[in-house]
Amino acid sequence: MATATKTENATKGSAFEWPLIKRLFSYTRPYRGRFVLVLALTLVSAALSPLIPYVFQYTLDKPTLQGDVMGVRNMILLSLGLLAARAFIMYLLTYLTGWLGQSVIKDIRIKVFDHITGMKLRFFDHNPVGMLQTRTISDVETLNDIFSEGIAHILEELLTLIFILTVMLWTNWKLSLVVLTSVPILLVATWVFKNAVKSGIRRARS
């Protein structure tokens with residue numbers, strides 16, 4: 001009964017805990033240069049996302065309607081250049097985030113291994129082997145997914161959304177406000193889904 005209560009309390013908590021996130025990011029200090037490069041490439045990739053369709057729109061509205069063949073040709077070359085640049089940036093992001101994730105997880109695994117092997121024998125008598133395996137294998141692998149895919153992907157999606165909203169409001173703010181009327185409904189649906197998933201995870205872990 002006490003063990004179940006302890007497990008239930010351990011699974012409860014806020015979804016975002018800044019001290020924990022700060023401690024997690026402290027493992028990126030030895031790789032600060034590549035981490036900054038990942039953030040910079042993420043910013044550039046997010047900026048290119050709304051720029052490419054805007055170039056297509058400009059091509060159709062200006063040189064195409066005016067019959068400017070040379071202008072259409074130049075805009076096509078610009079569009080191809082932007083697409084190639086974004087593809088190259090995405091390749092670099094995939095490589096760098098994967099390398100960063102593996103490097104950070106290697107350091108964490110070494111630290112966890114040293115910590116567990118330094119514990120006294122009675123520690124293993126009071127802690128199930130399955131729980132230790134979950135903490136040292138599954139949970140550490142989850143951290144690998146966060147560094148390899150989660151951080152850069154979430155940041156890129158957030159920045160892309162900001163850039164797209166900026167372009168939309170700058171192009172036609174009245175139509176943009178009409179489109180954004182569905183956002184509150186999406187936020188409520190996301191909140192309900194998040195709570196349902198979180199409750200299911202708690203029951204599974206308990």
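I am working with a predicted model, where local features need pLDDT of at least 70, side-chain atom pairs count only at pLDDT 80 or more, and totals for chains, interfaces and linings use all residues. Residues are numbered from 1 along each chain, and side-chain values use heavy atoms, with hydrogens and water left out.

I started with helix α3 (residues 32-66) and helix α4 (residues 69-117), which pack at about 160° with their axes 9 Å apart; axes are lines fitted to C-alpha atoms over the stretch in contact, and angles run from 0 to 180 degrees between N-to-C directions. Helices here are DSSP runs (H or I, at least four residues), numbered from the N terminus. That angle makes α3 roughly antiparallel to α4 (over 145 degrees).

Next I checked α3 itself and found a kink of about 35° at threonine 59, shortly before proline 63; the bend is the angle between axes fitted to the seven residues ending there and the seven starting there. After α3 comes glycine 67, with a positive phi near 75°.

Last, I searched the whole structure for aromatic pairs and got two (ring centres within 6.5 Å, using the six-membered ring of Trp). In one of them, tyrosine 31 and tryptophan 99 have ring centres 5.4 Å apart and planes at 90°, so I noted the pair as edge-to-face (over 60 degrees).

Definitions and conventions. Helix = DSSP H or I, 4+ residues; strand = E, 2+ residues; numbered from the N terminus. Parallel < 35°, antiparallel > 145°, perpendicular 65-115°, else oblique. Phe/Tyr/Trp six-rings, centres within 6.5 Å; stacked < 30°, edge-to-face > 60°.
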